[in-house]
Amino acid sequence: MHSDLITLTTDFGTASPYVAAMKGVILSIAPHVRILDLSHDIPAQDIWHGAFFLAGCVPYFPPEAVHVVVVDPGVGTERRLLYTEIGPHRLILPDNGLATLLLRRFPLRRAFQILEPRYRLPVVSNTFHGRDILGPAAAHVALGIEPAHLGPQVHDPYRLPVPEPQVGETIRGKVIFVDGFGNLITNIEQSLLEQAGMDPKAGRVPVVLIAARRIARWVRTYGEAKPGELVALISSSGYLEIAEVQGSAARTLSAGRGTPVEVSLENRTNGI
Amino acid sequence: MHSDLITLTTDFGTASPYVAAMKGVILSIAPHVRILDLSHDIPAQDIWHGAFFLAGCVPYFPPEAVHVVVVDPGVGTERRLLYTEIGPHRLILPDNGLATLLLRRFPLRRAFQILEPRYRLPVVSNTFHGRDILGPAAAHVALGIEPAHLGPQVHDPYRLPVPEPQVGETIRGKVIFVDGFGNLITNIEQSLLEQAGMDPKAGRVPVVLIAARRIARWVRTYGEAKPGELVALISSSGYLEIAEVQGSAARTLSAGRGTPVEVSLENRTNGI
Amino acid sequence: MHSDLITLTTDFGTASPYVAAMKGVILSIAPHVRILDLSHDIPAQDIWHGAFFLAGCVPYFPPEAVHVVVVDPGVGTERRLLYTEIGPHRLILPDNGLATLLLRRFPLRRAFQILEPRYRLPVVSNTFHGRDILGPAAAHVALGIEPAHLGPQVHDPYRLPVPEPQVGETIRGKVIFVDGFGNLITNIEQSLLEQAGMDPKAGRVPVVLIAARRIARWVRTYGEAKPGELVALISSSGYLEIAEVQGSAARTLSAGRGTPVEVSLENRTNGI
């Protein structure tokens, strides 16, 4: 399928010429494409961050887009480079777990290892496959080549272990992402809270324990509480989120990815 | 009016998937548009910064552009979301004062509250209206829908109070913006200096007092003084600016938004 | 030559409205162009950084692109503004050395000083020529004007002095660029190591001395060594690079641009 839209997600930053070099390579092969930056601020070599990032944006794109993702600590080693079709979406990325969370939401339709020399730069460096292999492959895919020509089919893309919440009398989860506002996104899905019978409207209030703080203020959105207040809410991605109104919960709580979060029921009659 | 150009200005940063999700939503509705990033580095929830930013760039755009702005500490509360026509420019933004400075330069031609469910995502979150309402509205406007169909007309967009300089024997103003070089832009317009009879060419030298420092070196541009020197000049937006040549006046003076600035006349014959 | 692609490289950051204003100006003159951000994170007024950046990405672009570069500490002084054709590439930039490294790789085909008032904004500020002169010139070039109409021909663009490695029993060079991962790129080219008879495969191992550390671990790519290890390798641009695997060599070694680097031969039989 021909495309005129290639998106870029990397951990390169833009003070170095790496992203710009990729753009030049892509446009040299496929001069017609629109290149769209998704992010170049994925923390260096942070594959999990990249996986969360992709799960939070790729589903919103039209299938036409070709997404190139370069967070690649294993560049030049034996890790594979992949063309993947995940649900309706097409991604070109190293096989290091970046697609983990997308693959929980969409089936893997097909994937190919990118090996065909025709679809690379003539000289391939050992340390910059974004420029020399992934970018060119995306440009050729945008031009409409048959993806099966990129290389052999792959059935087992690597997946990162995903921390699952433990559900008992309390729900024990973790912070899995900190956004740019310092909001703490956890792995505790809204449905899990509902299954546990938590229902603020009925006085069955979920109470959150995090970083030795007890958070019982449950809001629909930030502006319902006062600046500086710590609140619990359902994030725009459907997960339990801890936020500080007009502040940074991450900073205030010294919390980050991996910080344990506990949710339990408390009865309003207990005098909250 | 049909458009193929949507610009984005947010305080999201790009390490989180929020901006990318908005781009996907827009392209899913209006696949033909060019999306242009203006900034995702507006400081978190800093409406004034956003207002100054917009006043410094939107006037340079062709009327064709549809500008989406998301600096929205009140997301999900009762603040309105607006489609606005301000002079020849079209902006889609929360009604929290972001248009304040543009509205001092251009008349409000018309504005509508964005309420029509047809022009939103089917499910609207409480915390991410950029993705769920503002982005989709912009995409539909770019497709050429009649803006009046978005919702009821609005005549009173919210405006931030704007600090005005006090003019007497001296002019008392404030720093209202610090740019990326650490240059301090004040609210003292060039015309005000002229009205006060300040005229460096005639030896009537305006002297600036800021952060307990006296700055009498007045230049047309940075390169006229030596690296490290503190200078006063007229900024590219027409306001009094305090700069350090090849350095950061903000850092050197520990000055920032709100720092008082005083300008008074001094006679060259006084031995400056 | 008509073009629909203008790239932007600046040291403005994007928290200030400067880059966005340039985009507006360009689109007002040449509404059809695709604007592509290369970087707005060149460190403030760091011409050398800009020169290295351009040498690392411009060669990958198709000749169609018009590259606008604004790192301009001398804005408003007598430094010239240039339209240049360097090899097949077209750049519009201040004449302050930004093209130095590109000019070592490609011949200067022709250059013109940008003086023609027709191709500027009607009012030109003293401190923002990116918006008032360079952006408009690029837009007019993209529209297909004859570049010779911009102003008089220039034969002697300014070039920065380039630090050359000294070659004797040891090779003495310098770090000339630190990338976003903290990798240290030196001015010691791969061919120089080969000329000096260094050949790891034959046991003739180049040993690197930097910041009082001796680095003898030579890899093809980062993933060949353990996280935290300091390694030497050939960068994707063909120069000796010092890296810390999954870390920052710049931070670990407190090294940066200008840090001396020494390479000498050591015999494997010495018990390395």
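Predicted model: local features only at pLDDT ≥ 70, side-chain atom pairs only at ≥ 80, totals over all residues.
## Basis of the values

Residues are numbered from 1 along each chain as its sequence is written, and chains are lettered from A and ligands numbered from 1 in the order in which they are written. Local features need pLDDT of at least 70, side-chain atom pairs count only at pLDDT 80 or more, and totals for chains, interfaces and linings use all residues, while side-chain values use heavy atoms, without hydrogens and water.

## Chain A overall

Chain A has 6 helices and 14 strands. These are DSSP runs, numbered from the N terminus: helices are H or I with at least four residues, strands E with at least two. The C-alpha atoms fill a box of roughly 70 × 35 × 30 Å along the principal axes.

Of the 272 residues in chain A, 62% are buried. Buried means under 20% relative accessible area, exposed over 50%, and partly exposed in between, with a 1.4 Å probe and protein chains only. Chain A exposes about 10,400 Å², with 50% supplied by carbon and sulfur atoms. Areas come from the Shrake-Rupley method with a 1.4 Å probe; for residues, only the protein chains shown count as cover. Among contacts in chain A with a separation of 6 or more, 65% join residues 24 or more positions apart. Contact means heavy atoms within 4.5 Å.

## Relation between chains

Superposition is by least squares on the C-alpha atoms of residues with pLDDT of at least 70 in both copies. Chain A goes onto chain C with a turn of 120 degrees, a shift of 0.0 Å along the axis and an RMSD of 0.0 Å.

In chain A, the residue closest to the rotation axis is A:Arg34, at 4.5 Å (C-alpha).

## Strand β9

Strand β9 of chain B (residues 184-189) holds B:Asn187. B:Asn187 is buried, at 8% relative accessibility. A polar atom of its side chain lies 2.8 Å from the backbone oxygen of B:Pro163. The B:Asn187 side chain also reaches the backbone nitrogen of B:Lys174 at 2.8 Å. Beyond four places in sequence, B:Asn187 touches residues including B:Glu164, B:Ile176 and B:Tyr239.

Strand β9 of chain A (residues 184-189) holds A:Ile188. A:Ile188 is buried, with a relative accessible area of 0%. Residues touched by A:Ile188 beyond four places in sequence include A:Ile171, A:Leu193, A:Leu240, A:Val261 and A:Val263. A:Glu164 is 24 residues away in sequence and 8.3 Å away in space, C-alpha to C-alpha.

Helix α2 of chain B (residues 47-57) has 9 of its 11 residues buried, so the helix is largely enclosed by the rest of the structure. Among the buried residues are B:Trp48, B:Phe52, B:Phe53 and B:Cys57.

Strand β6 of chain A (residues 108-113) includes A:Phe112. A:Phe112 is buried, at 5% relative accessibility. Its contacts beyond four places in sequence include A:Leu81, A:Tyr83, A:Pro147 and A:Val154. A:Gly56 is 56 residues from A:Phe112 along the chain, and their C-alpha atoms are separated by 24 Å.

Conventions:
Polar contact = N/O pair within 3.5 Å; in protein donor to acceptor, adjacent residues only side chain to side chain.
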